[in-house]
Amino acid sequence: MPQQYPFSAVLGCEVDALDDMGLALVLTTIAPEIGGVLVRGEKGTAKSTAVRALAGVLPHVDVHPADRFSIDPNDPAAVSPDGPFAADAEVTTRAVRLVELPVGATEDRVLGSLHLERALSHGKVEYEPGLLARAHRGILYVDEVNLLHDHLVDLLLDAAAMGQVTIERDGVSVEHAARFVLIGTMNPEEGELRPQLLDRFGLTVEVAAPREPALRAEVVRRRMAYDTDPVAFSERYRDLDASLTERVETAREHLAKVRLSDSALLKIAEICAAFEVDGLRADIVTARTAAAHAAWAGRDEVTRSDIRRAAQLSLPHRRRRNPFDAPGLDEELLDQVLGDDELPPEPPEPPEGPAPDDPTPDDQSDSSDSTDPADSAEGPDPSAPSDPSDSGDGPEPTGQSDPMVDPGEPAPDAAEAELPAPGPATAEGPGSVVSTAAAYRPKLLTVQGLGEGAAGRRSRALARSGRRIAATPGTNGSLHLVETLLAAAGQQPARGRRGGRVDIRSEDLRVAVREGREANLVLFCVDASGSMAARRRMSQVKTAILSLLLDAYRRRDKVGLITFRGTSAELVLPPTHSVEIAAARLEELPAGGRTPLAAGLLEAARVLQRERLRDPRLRPLLVVVTDGRATDGKDAVTRSVQAAQHVAGLQVSTVVIDGESGPLRLGLAATLAVLLGAEHLPVDEVSAEALTGTVHSHTSFDLSGVA
C-alpha cells in the first residue's frame with residue numbers, strides 16, 4: 001500500500017498551526033455528531049490530500065474481527081447483522097477507515113445487495129454489505145460531492161439523518177448502523193450542491209492557494225520531497241502526527257467535561273437568529289462545535305472565542321436566503337451580537353501557550369500577521385486583504401460556501417416582484433450596465449415521456465441510475481439479478497440441472513431499465529448593442545434569464561450566455577451548472593454599440609456544435625434576444641441571413657425574443673425567426689414565467705414507446 005501523505009505535512013494542518021480546513025476536520029472528529037465538513041475551493045489546494053491523510057491521525061477503534069459492520073464492542077446497545085457476539089468474544093483494534101464514495105457509484109454498491117456468488121452457487125439469500133456499512137464509525141469521503149447523482153444524495157441524506165440504513169430489496173431485509181463523519185470536497189466552478197445535502201454538513205470552509213511566494217515554495221518543496229522518498233518524508237512528520245492523535249484523543253475524553261452555560265447557549269441562539277438561518281440545526285451544530293473547540297483548547301467551559309470560531313464554521317452555508325447572495329459571514333454583525341456580557345471571562349493562558357487556532361478577540365489581529373510557512377495554510381492566503389465587512393478584530397472570514405436555495409422554500413409571488421421603473425426610451429451609452437430586478441420563480445413544466453438526456457432533475461428519462469422500472473434482455477447495463485434468476489428458473493428442468501447450482505446462460509441475463517431525470521442545455525444569445533440597451537427592455541430580459549438560471553440550478557440544467565455588441569460576439573458564460581458564476585456574469589453584462597448579429601449567431605452555432613460533440617444526448621434550446629437589426633457594416637444584413645441559415649441547418653429548437661418596442665416597428669426580428677425556423681416572441685411578453693414556459697414547451701417530446 002502506498003505511503004500516505006502525512007496530515008501534519010499539509011500546510012495549515014500542523015497541530016500548533018491549524019487553519020480553517022485543518023481545524024474543521026479536527027473538530028468534527030472530536031465530536032462526530034457535529035455532522036461532517038464540506039471543503040470548497042479551487043483545484044490544487046490539497047483538499048483531497050488533507051482528507052485522505054486525516055484517517056491516519058485518528059485514534060484507533062475496537063471491533064470484533066468477524067464483524068463486517070464494525071459495531072462498538074463496548075456499547076451494549078449496538079447490534080450487528082453478523083452478531084450477536086458473546087461477552088468474551090475476541091476484540092481487536094484497527095485504524096479508522098476512510099471510505100471513498102465514487103461519484104459514479106451504483107445504488108447496490110452504496111447500500112449493499114444480495115451476495116451474488118452465494119446466490120448463484122448455493123441458492124442462498126445472503127446480504128453483502130455496501131459502502132455505508134463499511135463507513136460506520138469511520139469517515140465517508142465524497143470527492144466532487146457536487147457532482148454526485150441525486151439518487152445517491154437521497155441515500156446519504158437518509159443515512160445521515162437516521163444513523164442507520166434499512167435495505168428491503170432482492171429478497172433481503174437488513175438494518176444496520178451507519179454513523180460516520182461525512183466529508184465532502186468540491187470545486188464550486190463545476191456546479192452547486194443540493195441544498196438538502198449542504199445542510200447535512202455541519203461545518204464548511206473555503207480554501208484557496210496561498211498568494212505568498214514563500215508559502216507556495218514551501219508547498220512545492222514538501223511535495224517534491226514526498227515524491228522522492230515517501231517513507232523518509234513520512235518519518236519526518238511521524239512525531240507531529242502522533243502529537244495530533246494524542247491531542248484529539250485527549251479532547252474527546254475532555255469533551256464530556258466541557259460546560260455549555262445557559263448564557264453561552266442563549267448567545268448562540270441570538271447569533272443564529274440574527275443571521276436568519278433556517279431551522280434549528282444551525283444552533284445545535286454551533287453549540288456542539290463550540291464545545292469541541294473548548295475541549296480542543298483544554299478549557300472546561302465554552303467562551304466567546306469558542307462561540308465565535310464555531311459560528312464562522314457552521315453558519316456561512318446556512319445564512320444565505322437566496323442563491324445569488326454573496327458568500328461569507330458578516331463579521332461586524334457577529335461581533336455585535338456576540339458582545340462580551342454574561343459569558344465567563346477568558347481563562348489565563350496555559351504555560352505552554354494557547355493553541356494558535358484559538359485566538360482571543362484581543363490577540364486575533366496579531367495572529368494574522370505571520371508569514372512563516374509553518375503558521376500558514378495551503379488554503380486562504382493570510383496575507384490577503386480581509387473582507388470589507390470584517391471588523392478588524394477577528395480572523396478573516398472563514399467557511400464561505402456556495403449559494404444554495406431549498407427547492408421546497410416558498411418564493412415570492414410573481415406579481416409581487418416588480419421590475420424597475422422604465423427608464424428613458426433611448427439607448428444607453430457604450431459599455432453601460434443595466435441591473436436586474438428580483439428573480440421570479442418560474443412555473444414548473446416538465447417534459448412529457450421518457451428521454452435519454454444527461455442526468456438532471458427536470459424531466460423523466462431513461463438513465464443508468466435511478467429506480468428500476470423494468471428489465472430487458474441484454475448485457476449493456478446493470479444486471480437485474482432477480483429477473484435473471486426468474487428467467488433461468490423455468491429452464492432448469494430442460495437443462496438437466498444437477499446439484500445445488502443454478503444453470504444460468506447468456507440468454508437468461510436481464511439488465512435493469514432505470515428511470516431517472518434528465519437536464520437540458522439552454523443557450524442564450526443576447527443582443528447587447530445600443531439598439532437593445534433601453535433600460536426597461538434590458539432589465540426585463542436579464543431578469544427573465546436570471547429567473548431561468550435559478551430554475552436551471554434547481555433542476556440541474558446547463559445554461560450558457562453569448563452576447564454580441566460592437567464588432568464581435570463573446571461567450572461570456574460557457575455552458576455550466578454554476579449559478580453563482582452565471583449570476584455574476586449576467587449582472588455585469590454591458591450594453592451599447594453596434595449590432596453584429598451575424599457574429600452572435602455564428603458563435604451560438606459553434607457553441608451548440610461543440611456541446612453536441614461533448615454530449616449528443618443533451619438537447620439544446622437556443623434563445624436569441626434581439627430586435628433583428630444588423631448594423632456592423634455594409635454587408636451586415638447579408639452576413640446575418642447567411643448566419644441564420646447556418647444555424648437553421650443545425651436543426652436546433654430556437655426562440656427569438658423580439659426586443660423591438662414602440663409604435664413604429666420594422667419587424668426584423670420576426671423575419672429572423674422565419675430564417676431560423678424559430679418561434680417569434682415579442683419582448684412585451686417576456687416575463688420570467690413567459691420566457692421559462694417557452695423554454696420548457698420547446699424541450700417537450702414524446703418517447704412513450706421507448707419503454
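Colleague: Is Leu-338 buried or exposed?

Modeller: This is a predicted model. Buried means under 20% relative accessible area. Leu-338 has 5%, so Leu-338 counts as buried. Leu-338 lies in helix α14, residues 331–338.

Colleague: Which residues does Leu-338 touch, leaving out those up to four places away in sequence?

Modeller: Lys-267, Ile-271, Arg-304, Ile-307 and Arg-308.

Colleague: How do I read a nonpolar core?

Modeller: In soluble globular proteins, nonpolar side chains tend to be buried together. Here the largest nonpolar core has 69 residues. Ile-271 is among those with the most contacts inside it, as are Leu-25, Ile-30, Trp-296 and Leu-315. Helix α12, residues 281–297, gives the largest share of this core, 9 residues. A second, separate core has 34 residues, including Val-110 and Leu-197.

Colleague: How many aromatic pairs does a search of the whole structure find?

Modeller: It finds 4. Read the angle between the ring planes: over 60 degrees is edge-to-face. Tyr-5 and Tyr-226 are at 70°, 4.9 Å centre to centre, so they pair edge-to-face.

Colleague: Which parts does that pair tie together?

Modeller: Tyr-5 is in the segment before β1, and Tyr-226 is in helix α8, so the pair links parts 221 residues apart in sequence. Both Tyr-5 and Tyr-226 are buried.

Colleague: Which other residues belong to the aromatic cluster with Tyr-5 and Tyr-226?

Modeller: Phe-233 and Tyr-237. Those two form a tilted pair, 5.0 Å centre to centre, with 45° between the planes. Phe-233 is buried at 2% relative accessible area. Tyr-237 is buried at 8%.

Methods:
Residues are numbered from 1 along each chain as its sequence is written. This is a predicted model: local features need pLDDT of at least 70, side-chain atom pairs count only at pLDDT 80 or more; totals for chains, interfaces and linings use all residues. Side-chain values use heavy atoms; hydrogens and water are left out. Helices (H or I, at least four residues) and strands (E, at least two) are DSSP runs, numbered from the N terminus. Buried means under 20% relative accessible area, exposed over 50%, partly exposed in between (1.4 Å probe, protein chains only). Contact means heavy atoms within 4.5 Å. A nonpolar core is a set of buried Ala, Val, Leu, Ile, Met, Phe, Trp, Tyr and Cys residues joined through side-chain atoms within 4.5 Å. Rings of Phe, Tyr and Trp (its six-membered ring) pair if their centres lie within 6.5 Å; planes under 30 degrees apart count as stacked, over 60 as edge-to-face and the rest as tilted.
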